[in-house]
Amino acid sequence: MFKFYMCSTPEQYTMCALLQQSLEGTSSSLGFPTVYGIDSEGNLRGFTSTNTEFGAVISGPTVIDPYFKPRLKYAQEQIKAYEAALRSFGVTEYLFSVDKVNTKMLQTVERAGLVPYDEDENSYWYKKSTGE
């Protein structure tokens, strides 16, 4: 069982940034909304943030604790919570990218029935509806 929250304090954003730093060795600038998930024992399991720097709603970074299982089920729930947050602000569509070398994620996205609308040197780009 997971509970999902939207970051609303500097401490919550810092908590997410520290998770990314510990797992990936780097931390990104986190935008609004950033949705994070806590398991039943109070552990942060991941987050999805937003980048609007380019005049569009772009999902990312998404960070999920790789040691937590079942990771895919958690990821699906986190994305549902993220999309609900976007819908609450009137967002009907958002963009996200997947690195071309991330074959496992590309397979997951393909199984979800999503097709890239564009690509650049390193990534495939997708448009996804928030469900509205």
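Visitor: Leaving aside its neighbours within four places in sequence, with which residues is S59 in contact?

Guide: This is a predicted model, in which local features need pLDDT of at least 70 and side-chain atom pairs count only at pLDDT 80 or more, whereas totals for chains, interfaces and linings use all residues. Residues are numbered from 1 along each chain as its sequence is written, and side-chain values use heavy atoms, with hydrogens and water left out. Contact here means heavy atoms within 4.5 Å. Neighbours within four places aside, S59 is in contact with T48, S49, Y82, Y94, L95 and F96.

Visitor: Is S59 buried or exposed?

Guide: Residue S59 belongs to strand β4; strands (E, at least two residues) and helices (H or I, at least four) are DSSP runs numbered from the N terminus. Relative accessible area, found with a 1.4 Å probe on protein chains only, separates buried (under 20%) from exposed (over 50%), with partly exposed in between. In β4, 6 of the 7 residues are buried, so the strand is largely enclosed by the rest of the structure. With a relative accessible area of 13%, S59 is buried.

Visitor: In β4, which residue is the bridge partner of F47?

Guide: Two strands pair if DSSP finds at least two bridges between them. Strand β3 (residues 44-51) runs antiparallel to β4, and 5 bridges join them. Within β4, the bridge partner of F47 is V63.

Visitor: Which residue takes a positive phi in the hairpin of β3 and β4?

Guide: Most residues other than glycine have a negative phi. The hairpin has 6 residues between its strands. The residue there with a positive phi, near 80°, is G55.

Visitor: What is the omega of the peptide bond from G60 to P61?

Guide: Residue P61 lies in strand β4. Another bond of interest, from K69 to P70, is cis with omega about 5°, and P70 is placed in the loop between β4 and α2. The bond from G60 to P61 is cis, with omega near 5°.

Visitor: How many residues are in the second, separate core?

Guide: In the largest core, L86 is among the residues with the most contacts; beyond four places in sequence, L86 is in contact with P33, V57, V91, Y94 and T130. The second core is separate and includes C7, C16, A17 and L30. Its size is 10 residues.

Visitor: How much space lies in the largest pocket?

Guide: On a 1 Å grid over the protein atoms alone, a pocket is an open set of points with protein on both sides within 12 Å along at least five of seven lines, and its lining residues have an atom within 4 Å of a point. Of the 40 lining residues, the closest to the centre are T62, I64, I79, V98 and M105. Grid points are joined across faces, edges and corners, and a volume is the space filled by probe spheres set on the points. For the largest pocket that space is about 1,500 Å³.

Visitor: How many residues of the lining of the largest pocket are charged?

Guide: Elements α1, β4 (58-64), α2, β5, α3 and β7 (123-129) each give the lining at least two residues. Asp, Glu, Lys and Arg count as charged; Ala, Val, Leu, Ile, Met, Phe, Trp, Tyr, Cys and Pro as nonpolar; and the others, Gly among them, as polar. The lining divides into 19 nonpolar residues, 12 polar ones and, as charged residues, 9.

Visitor: Which residue of β7 is the bridge partner of L95?

Guide: β7 pairs antiparallel with β6 (residues 118-119) over 2 bridges, and a hairpin of 3 residues joins these two strands. β7 also pairs antiparallel with β5, over 7 bridges. In β7, the bridge partner of L95 is K127.

Visitor: What distance separates the C-alpha atoms of M15 and L44?

Guide: M15 lies in helix α1 (residues 10-24) and is partly exposed at 28% relative accessibility. Residues up to four places away aside, M15 touches Y36 and L44. M15 and L44 are 29 residues apart along the chain, and their C-alpha atoms are separated by 8.3 Å.

Notes:
A nonpolar core is a set of buried Ala, Val, Leu, Ile, Met, Phe, Trp, Tyr and Cys residues joined through side-chain atoms within 4.5 Å. On a 1 Å grid over the protein atoms alone, a cavity is a set of points where a 1.4 Å probe fits but cannot get out, and a pocket is an open set with protein on both sides within 12 Å along at least five of seven lines; lining residues have an atom within 4 Å of a point.
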